Structures are given as structure tokens and as C-alpha cells.
Amino acid sequence: MTAQQAEAPVAQGIDSSTRHGRDFSAMMSVFADPHRELALAATNDGLAATNDGLAAARGRGKFGGRLGALTGSTLASEV
């Protein structure tokens, strides 16, 4: 949750000390929870697809990531 999202009820003048404010907060959480679950499932699906793709690439002999640092001998051979 971002700071802007956390401050949204305050910015809208919702007082959580009143019955109406608590009811409104509860209703908003009813809508937010399924949205969070959907976002989490989509993230996990995307990570699984990425990991499958990386495993397939490694099977083909491809390795991603940053190259190692140049050592003195490697640097001398490059020049």
C-alpha cells in the first residue's frame, strides 16, 4: 500500500471513529480483498511463466544475467 492510498480516507474526510466511517471502511475492504487476491494470483502466474521460460533457456545452454567483472588478465586480452 502506498502512502497516497493510506491517506485516501483522511483526504476524503472519512472519520473512522464514527459508525458510518467504520461501515464505509469495512465496505471498501470487501471490495479491496478480492482485488488483492486477483493481483497476487496474476503475479504468481507471471513468475511461474518466467521461471519456466528461464528453465527452458538454461536447457538450451543459455544463461541470462549480468556478465562477470573483468579481471586484469581478461582486460588485457580485450585491449
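pLDDT is the predictor's confidence in each residue, on a scale from 0 to 100. You will want that term at hand, since this is a predicted model, in which local features need pLDDT of at least 70, side-chain atom pairs count only at pLDDT 80 or more, and totals for chains, interfaces and linings use all residues. Residues are numbered from 1 along each chain as its sequence is written, and side-chain values use heavy atoms, with hydrogens and water left out.

**Confidence and overall fold**

The mean pLDDT of the chain is 79, and 81% of the residues score at least 70. Three helices and zero strands make up the secondary structure; these are DSSP runs numbered from the N terminus (helices are H or I with at least four residues, strands are E with at least two). Read from the N terminus, the order is α-α-α. Confidence is lowest in helix H1 (residues 3-11), with a mean of 56, and highest in helix H2 (residues 19-59), with 87.

**Helix H2**

Helix H2 has 41 residues and spans 60 Å from its first C-alpha to its last, close to the 60 Å expected at 1.5 Å a residue. That expected span is 1.5 Å times one less than the number of residues. After H2 comes glycine 61, which has a positive phi near 85°.

**The surface**

Of the 79 residues in the chain, 3% are buried (buried means under 20% relative accessible area, exposed over 50%, and partly exposed in between, with a 1.4 Å probe and protein chains only). The accessible surface of the chain is about 7000 Å², and 60% of it belongs to carbon and sulfur atoms. Such areas come from the Shrake-Rupley method with a 1.4 Å probe; for residues, only the protein chains shown count as cover.

Phe24, Met27, Met28, Val30 and Phe31 make a nonpolar surface patch of about 490 Å². Patch residues have over 30% relative accessible area and no salt bridge; like charges are joined within 9 Å, and nonpolar side chains (Val, Leu, Ile, Met, Phe, Trp, Tyr) within 5 Å. Valine 30 lies in helix H2.

**Salt bridges**

The structure holds two salt bridges (a side-chain nitrogen of Lys or Arg within 4 Å of a carboxyl oxygen of Asp or Glu).

| Salt bridge | Closest N and O atoms |
|---|---|
| Arginine 19 and aspartate 23 | 3.8 Å |
| Glutamate 37 and arginine 36 | 3.5 Å |

Arginine 19 and aspartate 23 are four residues apart in helix H2, so about one helical turn separates them. Aspartate 23 is partly exposed, at 43% relative accessibility. In the other pair, glutamate 37 is partly exposed at 41%, while arginine 36 counts as exposed at 52%.
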